[in-house]
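I opened the notebook to look up aromatic rings, charges over rings and the nonpolar core. My entries follow the structure.

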Amino acid sequence: MQMKTGVEQSVYAMLLLTFLPDRAVLPGEFISQQLGASPTYFQKLLRKLVQADLLYSVPGVKGGFRLRRPADEIQIFDVYQAIEGKQTLYASSGVFEDLMGIQEQEIGLLSNLMTEAEDAWQSTLKRESIGSIRQAIDTSCPPEHLERLHALITDRMMTLF
């Protein structure tokens, strides 16, 4: 399994939005530019995040995006599901049935292992939030880098009235 880069880009886009003051938005073009993403592809990601109720979209010339709820309430797993969907990582292909003449789920060999692995992986992603990653950034990034990012975002944000 390889996760799409859209998940990573979406998490970092949402992290950028944590730097906004209340009643402000960031244009999608600006966000995609900062992350080095294709604007067309990135707009699709932003739409998925809006549809998943993770972002709020403000249309218009002074429009943009902001978090729909507090960063601490947005799990990394929420972002993953918004971009990748809700399908499971493993689905039996029927090879065991063909080989042994028995349903794999009757014995539960590989599917039990895969379910356990997926549960552990999901648990890890649910344990962390956009807010917890933001806290890690605040404590581990050099202050001058954070100040530069704040200035960049402040320069490009739009304030809603």
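Which residues do ring pairs link into a cluster? I found Phe 77, Tyr 80 and Trp 121.

**Ground rules.** I am reading a predicted model, where local features need pLDDT of at least 70, side-chain atom pairs count only at pLDDT 80 or more, and totals for chains, interfaces and linings use all residues. Residues are numbered from 1 along each chain as its sequence is written, and side-chain values use heavy atoms, with hydrogens and water left out.

**Aromatic pairs.** I noted 2 aromatic pairs in the structure. Phe 77 and Tyr 80 are stacked, because their ring centres are 6.2 Å apart and their planes lie at 25°. (Rings of Phe, Tyr and Trp, taking its six-membered ring, pair if their centres lie within 6.5 Å; planes under 30 degrees apart are stacked, over 60 edge-to-face, the rest tilted.) Both residues sit in helix α4, residues 76–84, 3 residues apart, or about one helical turn. (Helices are DSSP runs of H or I with at least four residues, strands are runs of E with at least two, and numbering starts from the N terminus.)

I then checked burial. Phe 77 is buried at 6% relative accessibility. Tyr 80 is buried too, at 5%. (Buried means under 20% relative accessible area, exposed over 50%, partly exposed in between, with a 1.4 Å probe and protein chains only.)

Next came Tyr 80 with Trp 121. Their centres are 4.7 Å apart and their planes at 85°, so this pair is edge-to-face. It links distant parts of the chain, as Trp 121 is in helix α7 (residues 109–127), 41 residues from Tyr 80. Trp 121 is partly exposed, at 23%.

**Charges over rings.** Lys 126 lies over the face of Phe 77, 4.8 Å from the ring centre. The charged end of Arg 134 sits over the ring of Phe 19, 3.7 Å from its centre. (The test: NZ of Lys or CZ of Arg within 6 Å of the ring centre and within 35 degrees of the ring normal.)

**Nonpolar core.** How many residues has the largest nonpolar core? I read 36, and those with the most contacts inside it include Met 14, Leu 17 and Ile 130. (A core is a set of buried Ala, Val, Leu, Ile, Met, Phe, Trp, Tyr and Cys joined through side-chain atoms within 4.5 Å.) The largest share of this core, 7 residues, comes from α1.
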